[in-house]
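Colleague: Could you walk me through this one? I'd like to pick out a few residues and see what surrounds them.

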Amino acid sequence: MNMNIGEAAQASGVSAKMIRHYEEIGLMPKVARTEAGYRRYSEREVHLLRFIRQCRTLGFSMQQTGDLMGLWLDQSRSSSKVKQLANSHIAELDAKIHELQTMRSTLEQLVQHCHGDGRPDCPILDALGGQPSCCASS
């Protein structure tokens, strides 16, 4: 079954623009083209696009996605390599979660110290402007 890029996009859940991008950066192999130059996608390529979409949905970087795809396609792979990559990504996510929680906590403290009335002084704007604040955390 051969599909054009629009059909492949719909079947995979990856936009045509992203499919072109993935091909351009080498994440997705170049596909066959018609004599007129239109891309033609087989079910295998659509399956690869679904794999890429799922990796990206889980927050894997392009590099990690490429590594995972290589492992996925390599039937002689060791599952320990896949687990190691996934554990590394979990650690990255944990660090990002911690960073976001810190940002939220700081902003929450600033909001609590802002009167939110007609007065012009505002610790939120002071903190954003780099002025010392009573409640900024590091």
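Modeller: What follows is a short talk about a predicted model, taken one topic at a time.

Colleague: Let's start with Arg-39: is it buried or exposed?

Modeller: Arg-39 has a relative accessible area of 19%, and because the cut-off for buried is under 20%, Arg-39 counts as buried.

Colleague: And which strand is Arg-39 in?

Modeller: Arg-39 belongs to strand E2, which covers residues 39–40.

Colleague: What does the side chain of Arg-39 make a polar contact with?

Modeller: The partner is the side chain of Glu-23, at 2.8 Å. If we leave aside neighbours within four places in sequence, the residues in contact with Arg-39 include Met-3, Ile-5, Arg-20 and Val-31, and Glu-23 is listed there too.

Colleague: Switching topic, how many disulfides does the structure hold?

Modeller: The structure holds zero disulfides. Cys-114, for instance, is in none, and its nearest cysteine sulfur, that of Cys-122, is 3.5 Å away; a disulfide would need the two sulfur atoms within 2.5 Å.

Colleague: What about aromatic pairs, how many are there?

Modeller: There is one aromatic pair, formed by Phe-51 and Trp-72, and it is stacked, with 4.2 Å centre to centre and 10° between the planes.

Colleague: Which helices do Phe-51 and Trp-72 lie in?

Modeller: Phe-51 lies in helix H3 (residues 43–57) and Trp-72 in helix H4 (residues 62–73), so the pair ties together parts that are 21 residues apart in sequence. Phe-51 is buried, at 18% relative accessible area, whereas Trp-72 is partly exposed, at 27% relative accessibility.

Terms used:
Residues are numbered from 1 along each chain as its sequence is written. This is a predicted model: local features need pLDDT of at least 70, side-chain atom pairs count only at pLDDT 80 or more; totals for chains, interfaces and linings use all residues. Side-chain values use heavy atoms; hydrogens and water are left out. Helices (H or I, at least four residues) and strands (E, at least two) are DSSP runs, numbered from the N terminus. Buried means under 20% relative accessible area, exposed over 50%, partly exposed in between (1.4 Å probe, protein chains only). A polar contact is a pair of N or O atoms within 3.5 Å; within protein, one must be able to donate a hydrogen and the other to accept it, and residues adjacent in sequence count only if both atoms are side-chain atoms. Contact means heavy atoms within 4.5 Å. Rings of Phe, Tyr and Trp (its six-membered ring) pair if their centres lie within 6.5 Å; planes under 30 degrees apart count as stacked, over 60 as edge-to-face and the rest as tilted.
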